[in-house]
Amino acid sequence: MLLAVVQPWPEGKQPADGELMERVLRRDASALETLYDRYGRPVYSLVLRIAQQPASAEEIVQDVFLQLWKSADRFQASRGALAPWLFTMARNRALDFLRLKGEKQRRREDSQEDDFPEPAIARPDAEGAIDLSRRAEKVRALMSSLPDGQRKAIELAYFEGMSHSEIAASMGEPLGTVKSWIRGGLLRLRESLKEARS
Amino acid sequence: MECEQLAAFYEEYALGVLEGEERAEMEAHLARGCERCTAGATEARRVVSNLALAAPEAQLPSGLRGKIMEPVRLSAAARAGAPPVNTAAKREVFPAWAWIAAAALALITGYAIRQMGNQNSQLAALQKQMKLAIAQNVALQNQLDESRMVASVMLSPDSTALKLMPKDKNMPMVHAYLHPHMGVAITADQMPAMPSARTLQLWFMPKQGAPMSVAIFHPDANGVIALVAPVKMPVAEIAALAVTEEPAGGSPQPTSAPAWMAAMN
Ligand SMILES: [Zn+2]
């Protein structure tokens, strides 16, 4: 089930994201298509979860991948890892869509969620498809292991773009409880991903 | 707060839940360019981005790949470079049979471009094929060049995208992509058919002086408009783009109110 995120490939055969991005930079359309094969589904799933409307989600995902094609040079210059960039951009666009739709008033500062996060971390070595499905497995296992309230709080933050106090209000829980749920959940996320990378 | 204390908030900051003083302190601190915290916040953003993978898995819409890859391949093909074309010269000798063939060729062109595929060898083979086709038929080349140019202008980061809003709410929007050197690309679809005695005409409305005719065009049989016209005035002097409906052959100056318009900002 988890491997359905990305199809399994023979170990070591798939080009790394960085290599594909080098080819995208040289205007190799097939490299972008490989990235779409790798990330299209998780990106679409994310955007659909936030936007809730298939037609709008499709447009946003189209926009994200065309942006990747158009701005490959800017992305390469940032020397960051691709998956966080794609997911962050997709999440921002989808949350923007929600905000524009005026469904809810959301609080999201652009300053901390740029489309192009600043450099400073090296690309992870094991970047790519296999790495992605392994991480998906970890994240899902973690989320399903959390108590309902804690999981809900993290979902409201990530998929609805809510702040601490908005989550507290939405759930009818004390602010302190929400803060410690989120902090605890994020710590566990960080730990479980550390294991996934080793 | 010191770096040690801020470090506890990196993930919450990346998630976007921080507010008030905590957020303000983090932002002020990062704005001062602390290397350690910048690295920490970036790493936290990477960790938090994995929450994307907790979204329920959805099936990709079947048409999405094409919607992404078609413009990408067009722009890649434009870059891969068929020989540069002297469009003006070519259009002067445009035999009648080529017009008749054009509709069929549009299909071939679209198909051929979609086939441009996964490997450079395929691309090379296709280019060879295309050259052959060019020799046989001027119309194919012409059409291909047009779509390539449209795609290049559309995808260029230097292009300004404008939405020309219709006066008539029932009409579709017309998109323009204005590139200072490559030209202005005009695209629209779902355009209603036009009588042959009428034509659409694109104008640059300068900040001073009379409108300048840019292009005369018709929607094709599928209601699609896709063309590129040269930009013969400094972009900074253009106040607005307008499309009017004119008698066949176009007019030296607009004879009707703009049916579509977009102001430059
Ligand atoms: Zn610091």
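Helices are DSSP runs of H or I with at least four residues, strands are E runs of at least two, and both are numbered from the N terminus. The model is predicted: local features need pLDDT of at least 70 and side-chain atom pairs pLDDT 80 or more, whereas totals for chains, interfaces and linings use all residues. Residues are numbered from 1 along each chain as its sequence is written, chains are lettered from A and ligands numbered from 1 in the order in which they are written, and side-chain values use heavy atoms, without hydrogens and water.

**View 1. The end of helix α3 of chain B.** Helix α3 (residues 20-31) of chain B holds twelve residues and spans 16 Å from first to last C-alpha, close to the expected 16 Å (1.5 Å times one less than the number of residues). Just after α3(B), B:G33 adopts a positive phi of about 85°.

View 2. B:R23, B:M26, B:H29 and B:L30 are the buried residues of α3(B) (buried, under 20% relative accessible area; exposed, over 50%; partly exposed in between; 1.4 Å probe, protein chains only). They lie on the same side of α3(B) because they cover an arc of only 135° around the axis, taken from the directions from the helix axis to the C-beta atoms. Exposed B:E21 and B:A31 sit on the face turned away from the buried side.

**View 3. The cover over α3(B).** Elements covering the buried residues of α3(B) include α1 (3-7), α2 (10-15) and α4 (35-49) of chain B, with contact meaning heavy atoms within 4.5 Å.
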